[in-house]
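Please look at the sequence and the structure first.

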Amino acid sequence: MTSSSKARASKGRLAPFGFTPPDRRSAAEFWVVRHGESTWNTEGRYQGQADVPLSHVGILQAASLAERLTGQHFDAVYTSDLRRASQTAEAVAERLEGPPAVQPDPGLREIDVGELSGLVIADIRERHPDYLQALKTDPWATRRPGGESMEDLYTRSGAAFETLRARHPGQRVLVFTHGGVVRVAVGLALGGVPANAWARLSVTNTSITRVLLGENSGTLLGFNDDAHLEDLIEATEADDVLGQPQ
């Protein structure tokens with residue numbers, strides 16, 4: 001067999017685990033980062049799309065991530081336009097090779113929690129018991145009162161990732177966003193997430209999740225990597241998506 005025929009055969013060969021991974025020449029590799037701890041994280045308040053800044057701990061978390069990624073090259077950097085994400089993005093981007101410009105994208109915003117914004121869990125239990133019951137029954141399609149469901153978020157931010165994938169074939173892209181959108185990225189990589197699995201995808205502040213996304217395929221390369229936080233206090237994991245404060 002000639003070298004060219006071997007290459008053609010290899011290109012069409014299934015991987016040992018039973019599927020053909022995305023072609024890196026056309027797929028985009030995303031490093032998806034959840035923002036640092038916010039002031040409302042520390043107070044246990046639901047935030048959703050409220051524009052809340054980083055806490056002092058969140059600033060330290062972003063600095064630790066920046067130290068870890070110093071000198072790394074990314075072809076583009078995008079962020080949710082909410083302040084807690086953009087603050088994290090700016091702290092890291094200035095340490096990257098380049099440094100690259102940080103581009104805001106509203107499609108990367110957290111889930112809209114509607115009337116729950118600013119409330120703590122005790123308030124929600126008192127004012128919205130029907131919502132909490134519905135969330136237990138159907139966590140995927142249940143909308144926050146006056147806001148979005150996880151299904152809505154998946155559609156919205158999934159479209160944002162598809163736009164970025166088409167814009168950056170064969171490139172590596174850094175994205176700063178929120179816990180719910182990190183879960184969407186995982187779902188896109190895996191071709192969906194089984195029912196009831198969303199609540200088991202714990203996403204800590206400033207953790208890195210890596211996915212490779214092709215036009216109709218994807219691969220999860222790494223999830224919730226927060227090794228840079230080992231010398232800091234424990235990072236916040238709870239969030240708006242799972243019915244706990246984010």
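The points below cover aromatic pairs, strand pairing, the surroundings of one serine, and salt bridges. The model is a predicted one. It holds three aromatic pairs and 10 salt bridges.

**Aromatic pairs**

- F30 and F161 form an edge-to-face pair, with ring centres 5.3 Å apart and an angle of 85° between the planes.
- This pair links distant parts of the chain, since F30 belongs to strand 1 (residues 28–34) and F161 to helix 7 (residues 150–167), 131 residues apart.
- F30 counts as buried because its relative accessibility is 0%, and F161 is buried as well, with a relative accessible area of 0%.
- W31 and F74 form an aromatic pair that is also edge-to-face, at 5.2 Å centre to centre and 80° between the planes.
- W31 lies in strand 1 and F74 in the loop between helix 3 (56–69) and strand 2 (76–79), so this pair ties together parts 43 residues apart in sequence.
- Both W31 and F74 are buried.
- R172 lies over the face of F74, 4.4 Å from the ring centre.

**Strand pairing**

- Strand 1 and strand 5 run antiparallel and are joined by six bridges; E29 stands opposite L212 in strand 5.
- Strand 5 and strand 6 (residues 218–225) also run antiparallel, with five bridges between them; here I208 stands opposite D225 in strand 6.
- A hairpin of four residues joins strand 5 to strand 6.
- Strand 5 (residues 208–213) is largely enclosed by the rest of the structure, because five of its six residues are buried.

- S38 is located in the loop between strand 1 and helix 2 (39–43).
- With a relative accessible area of 0%, S38 is buried.
- Beyond its neighbours within four places in sequence, S38 is in contact with Q47, V52, P53, L54, S55 and R84.
- One of these residues, S55, is 17 residues away from S38 in sequence, and the two C-alpha atoms are 4.7 Å apart.
- A polar atom of the S38 side chain lies 3.3 Å from the backbone nitrogen of W40.

**Salt bridges**

- R68 forms a salt bridge with D225, with the closest N and O atoms 2.5 Å apart.
- R68 lies in helix 3 and D225 in strand 6, so the pair ties together parts that are 157 residues apart in sequence.
- R68 is partly exposed at a relative accessible area of 34%, and D225 is partly exposed at 29%.
- R109 forms a salt bridge with D81, the closest N and O atoms being 2.7 Å apart.
- R109 lies in the loop between strand 3 (102–104) and helix 5 (121–127), and D81 in the loop between strand 2 and helix 4 (83–93), so the pair ties together parts 28 residues apart in sequence.
- R109 counts as partly exposed at 27% relative accessibility, and D81 also counts as partly exposed at 27%.
- R165 forms a salt bridge with E162, the closest N and O atoms being 2.8 Å apart.
- R165 and E162 are separated by about one helical turn, because they are three residues apart in helix 7.
- R165 counts as buried at 11% relative accessibility, whereas E162 is partly exposed with a relative accessible area of 34%.

Key:
Residues numbered from 1 in each chain as written. Predicted model: local features only at pLDDT ≥ 70, side-chain atom pairs only at ≥ 80, totals over all residues. Heavy atoms only, no water. Phe/Tyr/Trp six-rings, centres within 6.5 Å; stacked < 30°, edge-to-face > 60°. Helix = DSSP H or I, 4+ residues; strand = E, 2+ residues; numbered from the N terminus. Buried < 20%, exposed > 50% of the residue type's maximum accessible area, 1.4 Å probe, protein only. Lys NZ or Arg CZ within 6 Å of the ring centre and 35° of its normal. Pairing = 2+ DSSP bridges. Contact = heavy atoms within 4.5 Å. Polar contact = N/O pair within 3.5 Å; in protein donor to acceptor, adjacent residues only side chain to side chain. Salt bridge = Lys/Arg side-chain N within 4 Å of Asp/Glu carboxyl O.
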